[in-house]
Amino acid sequence: MSEVVDNILSCQKAAFGYDGHIVVRDLSFAVQRGDYLCIVGENGSGKSTIVKGVLRLINPLQGCVYFSQDIKTKEIGYLSQTEAVKKDFPAGVSEIVLSGVVGSMGLRPFYTHKEKEMAGDTMKRLEIFNLKGRCFRELSGGQQRRVLIARALCASRKLLVLDEPAAGLDPLATQELYNLLAKLNHEVSITIISVTHDIQAAIKYASRILHIKDNQYFFGTVSEYIRSDFAKSFFTNGGVENV
Ligand code: ADP
């Protein structure tokens, strides 16, 4: 009997780019429910462009992107690269976390009790509940990133899309963030798509890897990736056996 595949997202022969100029072409991959997909590749290879294409912030120039029926693009938890490094939001922690639900509110101009409760529970899960009365810009980089991930979680309990979530964090805060994401992926079964430069972390935490390089790409499981030429070429020591 064949295994039933529960794809949350499927990208088929897609080309993404700007003003008719293609950055990434002929891209096909699928994300299954519960996956942790890391998108890796050098600067400028098109990782953020793929994320924007998947989220329909830009339209595919060719091919298509499908989501499973229960996923509304407005309700995907998204942390963009620009937001991740923004340190000076003049807003409070609770306000920022709660604003994650805005995508599902329609025209309603107030938060419901249930939404406030969910924001509180999310802050507890991310161990930032004690910061709820603080101003965002007074927090450490690691605390700020937790606040932004809590906001993304308020937008969606199903799919988080994170573009360089660890950018600018020190090694300890980076490690804590990776552990947090792994915990959310395992314990809450949330599907994660994350752009990262950190290939060793991708190998350690991801279930699948999408590696973009020179208009070509690899997509597969971590063990398939480790054996691939894409992984070998990424490490100057010529292999990933030592990782
Ligand atoms: P990465 O995330 O891998 O660093 P990007 O997806 O940001 O790469 O960029 C891929 C290519 O697309 C780069 O050549 C970049 O200059 C170009 N690019 C990115 N954003 C835009 C944009 N808004 N308009 C035009 N070109 C862009």
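The residues around the ligand are Tyr18, Val23, Glu42, Asn43, Gly44, Ser45, Gly46, Lys47, Ser48, Thr49 and Lys52; a residue is included if one of its heavy atoms lies within 4 Å of the ligand. The model is predicted, so local features need pLDDT of at least 70 and side-chain atom pairs count only at pLDDT 80 or more, while totals for chains, interfaces and linings use all residues. Residues are numbered from 1 along each chain as its sequence is written, and side-chain values use heavy atoms, with hydrogens and water left out.

The shell around the ligand is made up of two nonpolar, six polar and three charged residues. In this division, Ala, Val, Leu, Ile, Met, Phe, Trp, Tyr, Cys and Pro count as nonpolar, Asp, Glu, Lys and Arg as charged, and the others, Gly among them, as polar. Helix 1, residues 47-54, gives the most to this shell, with four residues. Helices (H or I, at least four residues) and strands (E, at least two) are DSSP runs, numbered from the N terminus.

Particular atoms of the shell can now be considered. A backbone N or O atom of Gly44 lies 2.8 Å from an oxygen atom of the ligand, and a backbone N or O atom of Ser48 lies 2.9 Å from a ligand oxygen atom. For Thr49, a polar side-chain atom lies 2.5 Å from an oxygen atom of the ligand. On its own the ligand has 560 Å² of accessible area, of which the protein covers 56%; accessible areas come from the Shrake-Rupley method with a 1.4 Å probe, and for residues only the protein chains shown count as cover.

Is Ser10 buried or exposed? Ser10 is buried, because its relative accessible area is 12%, and buried means under 20% relative accessible area, exposed over 50%, and partly exposed in between (1.4 Å probe, protein chains only). Leaving aside residues up to four places away in sequence, Ser10 touches Phe29, Ala30, Cys64, Val65 and Tyr66, where contact means heavy atoms within 4.5 Å. The side chains of Ser10 and Gln12 are joined by a polar contact of 3.3 Å. A polar contact is a pair of N or O atoms within 3.5 Å; within protein, one must be able to donate a hydrogen and the other to accept it, and residues adjacent in sequence count only if both atoms are side-chain atoms.

Ile76 is found in the loop between strand 4 (62-67) and strand 5 (77-79). Ile76 counts as buried because its relative accessibility is 6%. Not counting residues up to four places away in sequence, Ile76 touches Leu55, Phe67, Ile71, Ala155, Ser156, Leu159 and Val161. Ile76 and Lys158 are 82 residues apart in sequence, yet 7.6 Å apart in space, C-alpha to C-alpha.

How many aromatic pairs does a search of the whole structure find? The search finds four. Rings of Phe, Tyr and Trp (its six-membered ring) pair if their centres lie within 6.5 Å; planes under 30 degrees apart count as stacked, over 60 as edge-to-face and the rest as tilted. Tyr178 and Tyr205 form a tilted pair, 5.6 Å centre to centre with 40 degrees between the planes. This pair links distant parts of the chain, with Tyr178 in helix 6 (residues 171-187) and Tyr205 in helix 7 (residues 199-205), 27 residues apart.
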